[in-house]
Structures are given as structure tokens and as C-alpha cells.
Amino acid sequence: SAISEFSPDGIIAVDDDDQILSFNKTLCNICGVDYNHKFQSGKDFFEFINNSVVDCDEFAGTVASIGHGFSGNLFKELSINGLFFDLFSTPMTKDGDATPSGRIWYFTDVTEHKSATETMIAAQKESEATAKMRSQFFAVVSHDVKTPLNSIIGFLGLLEESELTDIQT
């Protein structure tokens with residue numbers, strides 16, 4: 001229980017009968033519920049947080065689709081109350097038995113990681129736009145400088161090859 005209570009992840013464990021075995025304070029903070037709140041079942045808990053989840057219909061369908069026979073891990077990204085979480089679900093096993101006997105749900109806060117990733121992507125796009133703009137600028141400057149220089153070089157070539165006339169002197 002100490003590991004659960006000091007975990008930065010929100011954790012809830014439910015048994016095969018969908019009864020809540022335990023949950024931690026981090027999960028209560030994530031969901032905005034008092035730690036002393038008594039949920040009737042795991043379904044009751046997920047219905048409660050479903051009101052705070054973006055794309056709640058998809059989330060409810062995902063949770064509902066996991067039956068007792070599901071033995072793999074479930075991973076889903078979701079947003080609750082403006083924060084972003086990775087949701088993991090793993091089957092529990094009884095002591096000394098390999099038969100799944102419930103499920104543990106982990107809510108891992110990835111808000112800072114997601115924000116940093118979005119900032120990095122925005123910076124990369126800005127850098128690419130700046131590089132493109134710089135390239136266009138140098139192409140224009142090069143053209144604007146090269147054209148008059150070519151004219152001057154041409155006139156200098158004419159002056160070198162011909163003698164000055166009376167009008168030119």
C-alpha cells in the first residue's frame with residue numbers, strides 16, 4: 001500500500017466482480033474526488049470520471065469492452081480535466097495462481113511530456129519556416145545584386161575593348 005500511496009500514478013484495483021479493492025490519493029486528485037468518497041464499484045468509478053474525460057463515449061466503450069477473459073495490457077491516452085494521461089490496465093493474478101482475478105488501472109500523468117513534445121514540434125516548424133524564408137531572401141538578394149553587377153561588368157568590358165569617341169570624352 002505504501003508503493004501505491006506514494007506513486008505519482010493514479011492507481012485503482014478492481015476484482016473479478018468489479019468491486020474496488022483499493023485506490024490511491026493520486027487517483028482522487030486526478031479525478032477531482034475526495035479520498036473518502038465511496039464508489040459502489042469499478043463501473044461506478046469509471047462512470048464518474050467519464051464526465052471529465054474528453055471523448056468520453058470512446059473511453060466508456062474501451063473500458064466496457066474489457067471482459068474478464070482479457071489477459072493483455074490496455075494502453076489508451078486520455079484527457080481528464082485539461083490534463084493528459086496514459087491509461088494502462090493489466091490483469092491481476094491471485095497469489096500462486098496464474099488465473100487473472102481482476103484488473104489494476106494506472107493513470108500516468110503525461111501532461112508535461114505532451115506539452116514539451118508540442119513545443120518541440122512547433123519550434124521545428126518555426127525553424128523550417130525560418131530556413132525557407134532565409135533561402136528565399138538570399139535568392140532574391142543574389143538576383144538583385146547579380147543583375148546590376150552583370151550590367152556593370154558588361155559596360156566595363158565594352159570600355160576595355162573600344163576606344164573613346166569624341167562624344168564620350
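A nonpolar surface patch is formed by Phe137, Phe138, Val141, Val145, Leu149, Ile152, Ile153, Leu156, Leu159 and Leu164, which together have about 960 Å² of accessible area. The model is predicted: local features need pLDDT of at least 70, side-chain atom pairs count only at pLDDT 80 or more, and totals for chains, interfaces and linings use all residues. Residues are numbered from 1 along each chain as its sequence is written, and side-chain values use heavy atoms, with hydrogens and water left out.

**Surface patch**
- Patches are made of residues with over 30% relative accessible area and no salt bridge, nonpolar side chains (Val, Leu, Ile, Met, Phe, Trp, Tyr) being joined within 5 Å.
- A salt bridge is a side-chain nitrogen of Lys or Arg within 4 Å of a carboxyl oxygen of Asp or Glu.
- Areas come from the Shrake-Rupley method with a 1.4 Å probe, and for residues only the protein chains shown count as cover.
- Phe138 counts as exposed, at 51% relative accessibility; buried means under 20% relative accessible area, exposed over 50%, and partly exposed in between.
- Val141 is located in helix α5 (residues 111–161) and is partly exposed, with a relative accessible area of 31%.

**Fold**
- The chain has five helices and five strands, taken as DSSP runs (H or I, at least four residues; E, at least two) numbered from the N terminus.
- Along the sequence the pattern is α-β-β-α-α-α-β-β-β-α.

**Nonpolar core**
- Buried residues make up 27% of the 169 residues in the chain.
- The largest nonpolar core has 19 residues, of which Ile12, Leu27, Cys31, Phe45, Ile80, Trp105 and Phe107 touch the most other members.
- Such a core is a set of buried Ala, Val, Leu, Ile, Met, Phe, Trp, Tyr and Cys residues joined through side-chain atoms within 4.5 Å.
- Helix α2 gives the most to this core, with four residues.

**Aromatic pairs**
- Five aromatic pairs are found in the whole structure; ring centres of Phe, Tyr and Trp (its six-membered ring) must lie within 6.5 Å, with planes under 30 degrees apart counted as stacked, over 60 as edge-to-face and the rest as tilted.
- The rings of Phe39 and Phe45 are edge-to-face, because their centres are 5.3 Å apart and their planes at 85°.
- Phe39 and Phe45 are both buried.
- Phe137 and Phe138 also pair edge-to-face, at 5.5 Å centre to centre and 65° between the planes.

Terms used
Buried < 20%, exposed > 50% of the residue type's maximum accessible area, 1.4 Å probe, protein only. Patch = residues over 30% accessible without salt bridge, like charges linked within 9 Å, V, L, I, M, F, W, Y side chains within 5 Å.
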